[in-house]
Amino acid sequence: MARAFIGFGGNIGDTRQLITDAIVCLALRAELQILAKSCFYQSAPVEATGGDYINAVIEVETELSPYGLLHVCQTIEQEFGRERPYANAPRTLDLDILSFEGVTQNETELMLPHPKIIERSFVLLPLLEIAPDIFLPNWGELKAYLPNVAHQRIEKLACRNCNCGEKDVYSQTAH
């Protein structure tokens with residue numbers, strides 16, 4: 001089993017609900033277990049168009065290969081109406097594998113760790129919420145990059161009756 005982090009985002013439709021539903025879809029898969037989920041964040045688009053985005057990050061443990069996990073993520077995006085008319089277009093749902101334990105690769109279809117983790121507050125803040133001491137090869141401790149994204153507008157959204165940031169949030173659903 002490998003540990004991976006997946007980032008979620010979108011800015012079309014009821015994005016909070018879409019992300020929640022996508023996480024449930026992942027939790028129902030026998031090949032992975034969700035270990036933690038961040039709270040939701042609302043952020044200004046970065047290198048993208050459209051309205052504000054809603055973002056979150058989850059931590060999973062999986063039997064899948066990186067490409068197997070990518071396939072699952074892309075299938076869920078399609079099920080939720082993701083279209084790719086042009087680069088960085090507004091979207092209903094975007095799932096990105098941020099890191100996959102022990103894997104570093106620089107391939108067109110899948111780059112690991114995700115090359116823009118350290119450039120985006122909407123990835124760093126929710127990721128550090130659930131993995132405050134995360135360390136990645138070539139970058140070191142990710143919290144060191146927070147000053148570099150401090151100028152980006154982002155807000156942690158208030159949660160009602162949620163367990164965001166806590167471990168084992170979806171473990172009962174996953175089995």
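Trainee: What share of the 175 residues of the protein counts as buried?

Mentor: Buried means under 20% relative accessible area, exposed means over 50%, and partly exposed lies in between, with a 1.4 Å probe and protein chains only. Here 50% of the 175 residues of the protein count as buried. Do keep in mind that this is a predicted model, where local features need pLDDT of at least 70, side-chain atom pairs count only at pLDDT 80 or more, and totals for chains, interfaces and linings use all residues. Residues are numbered from 1 along each chain as its sequence is written, and side-chain values use heavy atoms, with hydrogens and water left out.

Trainee: What is the mean pLDDT of the protein?

Mentor: pLDDT is the predictor's confidence in each residue, from 0 to 100. The mean is 88 for this protein, and 88% of its residues reach 70 or more.

Trainee: Over which residues does pLDDT stay under 50?

Mentor: Where pLDDT is low, the predicted coordinates should not be read in detail. That applies to residues 166-175, where pLDDT stays under 50. The model has 27 contacts beyond four places in sequence for this stretch, a contact being heavy atoms within 4.5 Å.

Trainee: How many helices and strands does the protein have?

Mentor: Helices (H or I, at least four residues) and strands (E, at least two) are DSSP runs, numbered from the N terminus. The protein has four helices and ten strands, and from the N terminus on their order is β-α-β-β-β-α-β-β-β-α-β-β-β-α.

Trainee: What span does helix H1 reach from its first C-alpha to its last?

Mentor: The expected span is 1.5 Å times one less than the number of residues in the helix. H1, at residues 15-27, has 13 residues and reaches 18 Å, close to the 18 Å expected. Its buried residues include Leu18, Ile19, Ala22 and Ile23.

Trainee: Why is helix H3 described as largely enclosed by the rest of the structure?

Mentor: Eight of the ten residues of H3 (residues 121-130) are buried, so the helix is largely enclosed. Among them are Phe122, Val123, Leu127 and Ile130. The buried residues of H3 pack against several strands, including S1 (2-10), S4 (53-62) and S5 (94-100).

Trainee: Which strand is joined to S2 by five bridges?

Mentor: Two strands pair if DSSP finds at least two bridges between them. S2 is joined to S4 by five bridges, and the two run antiparallel. Within this pairing, Ala36 stands opposite Glu59 in S4. S2 is mostly covered, with six of its six residues buried.

Trainee: Where is Ser38 found?

Mentor: Ser38 is in the loop between S2 and S3. With a relative accessible area of 0%, Ser38 is buried. Ser38 and Glu129 are 91 residues apart in sequence, yet 6.3 Å apart in space, C-alpha to C-alpha.

Trainee: Is Asp94 buried or exposed?

Mentor: Asp94, placed in strand S5, counts as buried because its relative accessibility is 13%. Its side chain joins that of Arg91 in a polar contact of 3.2 Å. A polar contact is a pair of N or O atoms within 3.5 Å; within protein, one must be able to donate a hydrogen and the other to accept it, and residues adjacent in sequence count only if both atoms are side-chain atoms. Beyond four places in sequence, the contacts of Asp94 include Phe8, Glu77 and Arg82.

Trainee: How many disulfides are there?

Mentor: The rule looks for a pair of cysteine sulfur atoms within 2.5 Å, and the count comes to zero. Cys73 is buried at 1%, whereas Cys25 is partly exposed at 27%.
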